[in-house]
Amino acid sequence: MTQAGVWAGFAWGLRRDLRLSARSSAEVLVVLGFFLIVVTLFPLSVGPDPRVLHRIGAGIIWVCATLACLLSLHRMFALDFADGSLEQMLFGAMPFPSIVAGKIGAHWLTTGCPLLLCTPLVGVQFGLSGGEIGVLLLSLAIGTPVLSLIGGIMAALTLGLRGGGALLALLLLPLYIPLLVFGVGAVDSYAAGMGIEGHFSVLGAELLLALVGAPFATAAAVRTAID
Amino acid sequence: MSWLYRFASPATFYPLAGKLAPWFFAASAVTGLIGLYIGLIEAPTDFQQGEAYRIIYIHVPAAWMSMFIYVLMAFYGILFFTFNTRLSAMMMSALAPTGAMFTFVALWTGALWGRPTWGTYWVWDARLTSELILLFLYLGFMALQAAIEDPRRADKAAALLAIVGVVNVPIIYFSVQWWNTLHQGASVSLTASPKMAMIMLTGMLIMAFSAWMYTIGASLLRVRAIILEREAGAEWLKRHVAEQAR
């Protein structure tokens, strides 16, 4: 496996999935719409009290981001698995984990990234201050790639299974908890006037761990589905 | 190593597991009775919590086992991936229901204990929450395996899930601990001297031993059932069953 091959595989996977998403851009927008509608449900259910909304705003945005990621994960492999192109990638010349990494990158660019762009708007609706929104954005910027990375492993494990969607949620959401705790914790800690470095250090460590481990675990999981 | 490989074959392990399981159950019953006697009758009443504390003789061993078993499952998952021994995967699946059971018992007894001591059945405390998440991990593991029909794929997927899970368990544990802590600190640790009376500790350790023996016995029985299911129609199994019938 040469270094050039690794990067070529990554770039190929990334470009391919981005092009596919660009051709069905409605799917990207639907996930974004899902994020916004679920966020909107919370003020309607807990009441419009600004203090309550300010208190729970960051948590709700984070939870909705994890759900939006969960909902869009089937895009990563399911269609390629169904039409056999995933199998071709597995047996092709390019290293498979790097293609997988490219696909994960494309997934983040088409779900996590658009969510980040909407977050300031939603933050204002929940009465978060400018500084809080900044911290929230930074925590999402580090955390949402991890959502896509861990999500890739579980999406591959549940490829083609009956009841895959609910099963995927059961497998995946427990693993998202640390991100939720530290992502929301950073905003709360900032709002309380305390340091946020610890939270970001842990989020960063998780990102590094996931970056190194997830493409290989995902590739192994795809192999179990195709063998 | 050759003896190890010999027992990694379901054909050799099946009769062995059948012979061993009753002994482990017997050991579990005997030590369980001794542990309960020490815990419920011999041990003194706690001066703060009264008689309610006696639930630790079930609660703490169950909580320990719930965590050990998950690590053990991941260990078998790694064995399965490195040596490609089917039996390791079978052991891994055989352990899961027992692990989930102990997790559930730890949560349930914790709730019953929390009512008299904290005044509430459930609080979103770090240890309770991480134990609840552990239960979800067990349920997810069993659900994934149940959802896959091809046993080879089910084994591989479950092993991978157990390994990914065990990497995440400490992260989840510490993140939840950071998030909120109300639970009393661990009463028993390897580094500090025990904060509890010797007799209480003895009772708890004996109960933990009993839980271990039960776990081994139950997973041996369950692995036999899994072998029967997977190897149905195999020549050795037909011969074995015929011998048993005679």
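Which helix of chain A holds T218(A)? T218(A) sits in α10, residues 197-226 of chain A. Helices here are DSSP runs (H or I, at least four residues), numbered from the N terminus.

## Basis

This is a predicted model: local features need pLDDT of at least 70, side-chain atom pairs count only at pLDDT 80 or more, and totals for chains, interfaces and linings use all residues. Residues are numbered from 1 along each chain as its sequence is written, chains are lettered from A in the order in which they are written, and side-chain values use heavy atoms, with hydrogens and water left out.

## T218(A) and the cores

T218(A) counts as buried because its relative accessibility is 0%. Buried means under 20% relative accessible area (1.4 Å probe, protein chains only). Contact means heavy atoms within 4.5 Å. Leaving out residues up to four places away in sequence, T218(A) touches F77(A), V100(A), I104(A), L149(A), G152(A), I153(A) and A156(A).

F77(A) also belongs to the largest nonpolar core, which has 123 residues. Such a core is a set of buried Ala, Val, Leu, Ile, Met, Phe, Trp, Tyr and Cys residues joined through side-chain atoms within 4.5 Å. F77(A) is among its residues with the most contacts inside it, as are M154(A) and M73(B). Beyond four places in sequence, the contacts of F77(A) include L86(A), K103(A), L159(A) and V222(A). A second, separate core has nine residues, including Y53(B) and W113(B).

## The A-B interface

In all, 25 residues of chain B contact 28 residues of chain A. The two chains bury about 2,200 Å² between them, 78% of it on carbon and sulfur atoms. Buried area is the accessible area (1.4 Å probe) that two parts lose on being put together, summed over both. In chain B, R153(B), L160(B) and W178(B) lose the most area to chain A, together 26% of what that side buries.

The rule finds one salt bridge across the interface. The side chains of E149(B) and R162(A) form a salt bridge at 2.5 Å, N to O. The criterion is a side-chain nitrogen of Lys or Arg within 4 Å of a carboxyl oxygen of Asp or Glu. On the side of chain B that touches chain A, α5 (126-147) and α6 (151-179) each give two or more residues. α6(B) gives the most, with 14 residues.

## E231(B)

E231(B) lies in the loop between α7 (198-230) and α8 (235-245) of chain B. E231(B) counts as buried because its relative accessibility is 11%. Outside four places in sequence, E231(B) contacts P10(B), R86(B), W236(B) and L237(B).

Notes:
Buried < 20%, exposed > 50% of the residue type's maximum accessible area, 1.4 Å probe, protein only.
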